2 protein chains.
Amino acid sequence: MSRIKTQSSCPISNTLSHLGDKWSLLIIRDMMFLGKQNYTAFMESPEGISTKILAQRLKALEDEGIVSKHRDPDNQSKNIYQLTEKGIDLMPIVVEMSIWSTTHVDGVDVNAGHMNAIREDKAAFLKTAMKRLKNQLKAF
Amino acid sequence: MSRIKTQSSCPISNTLSHLGDKWSLLIIRDMMFLGKQNYTAFMESPEGISTKILAQRLKALEDEGIVSKHRDPDNQSKNIYQLTEKGIDLMPIVVEMSIWSTTHVDGVDVNAGHMNAIREDKAAFLKTAMKRLKNQLKAF
């Protein structure tokens, strides 16, 4: 499990520094719930991330040990990205964010993605989804 | 319950836009777990927030309906701030951030604040702590 150095000892004050901003979270969402693995797929997301921001955020997430970068075995000229165990462990935070925004923010699709399964049994959803991602971790 | 307009329908892509950055989260932490209510108290936090950033972030959190501002009944020249119900409902996100960073980030105090109670029974901790804050909500 990769661990990184930090300057503050407060568990809360550290997390956003390591997680990054909205764009980082969107990349994590796309890997976590949509199975996206490469630049082309990330660029297709409706939020319209730019190539420059995508490259910066992927590098930062890689430096944090949240994603890992590998040569695509099917196309050696391309990279593919996957969440590490540390990245997969962000899922409870992301799920709680989804619950909060569907409760408190107008215009959010309350049935988007896995929201119904999350509302029905959050613990079961997390257990199954995190286990599936960890089982898919490939050693490149 | 206050609700705000947003441009994207994805529950995940919205949350960080509304929650803000690291400084906003630190203010929320101080209100949520340390009972801080005013400028003087917020300024004493070890992360060293500046007066300018504090004022900007409190205003943004107020605009988002996450905190509410009131005249201090004991000192009419001062304001006090409290989390709204929408703000209190951020607690599960903040708690999951704490769990993640104590697991994955070096140098974080794994026994800080309420971490032992959270590890022992997260659901019970959240239920008690959120209920206490909601019961304390004052109508000014």
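Two residues are in contact if their C-beta atoms, placed from the backbone, lie within 7 Å. Helices (H or I, at least four residues) and strands (E, at least two) are DSSP runs, numbered from the N terminus. The model is predicted: local features need pLDDT of at least 70 and side-chain atom pairs count only at pLDDT 80 or more, whereas totals for chains, interfaces and linings use all residues. Residues are numbered from 1 along each chain as its sequence is written, and chains are lettered from A and ligands numbered from 1 in the order in which they are written.

View 1. The buried set consists of Pro11(A), Ile12(A), Ser13(A), Asn14(A), Thr15(A), Leu16(A), His18(A) and Leu19(A). These buried residues pack against α2 (22–33) of chain A and against α2 (22–33), α6 (91–104) and α7 (115–120) of chain B.

**View 2. The side of chain A that touches chain B.** Chain A gives 43 residues to the contact, and chain B gives 43 residues. On the chain A side, the elements that supply two or more residues are α1, α2 and α6 (91–104). The largest share, eleven residues, belongs to α6(A). By class, this side holds 18 nonpolar, 14 polar and eleven charged residues (nonpolar: Ala, Val, Leu, Ile, Met, Phe, Trp, Tyr, Cys and Pro; charged: Asp, Glu, Lys and Arg; polar: the others, Gly among them).

**View 3. The rotation axis relating chain A and chain B.** Chain A is superposed on chain B by a rotation of 180° with 0.0 Å of shift along the axis (RMSD 0.0 Å), using least squares on the C-alpha atoms of residues with pLDDT of at least 70 in both copies. The two copies are therefore related as by a two-fold rotation axis. Within chain A, Ile93(A) comes closest to this axis, its C-alpha lying at 2.7 Å. Both copies use the same surface, as 100% of the contact residues of chain A recur in chain B.

**View 4. Packing of α6(A) and helix α8 (residues 122–136) of chain A.** The two helices pack at an angle of about 140°, with their axes 11 Å apart (axes are lines fitted to C-alpha atoms, for helices over the stretch in contact; angles run from 0 to 180 degrees between N-to-C directions). Hence α6(A) is oblique to α8(A) (under 35 degrees: roughly parallel; over 145: roughly antiparallel; 65 to 115: roughly perpendicular; the rest: oblique). Met91(A), Pro92(A) and Val95(A) of α6(A) meet Lys122(A), Leu126(A), Ala129(A) and Met130(A) of α8(A).

Technical notes
A residue is buried if 20 or more other C-beta atoms lie within 10 Å of its own, exposed if 12 or fewer, and partly exposed in between; C-beta atoms are placed from the backbone.
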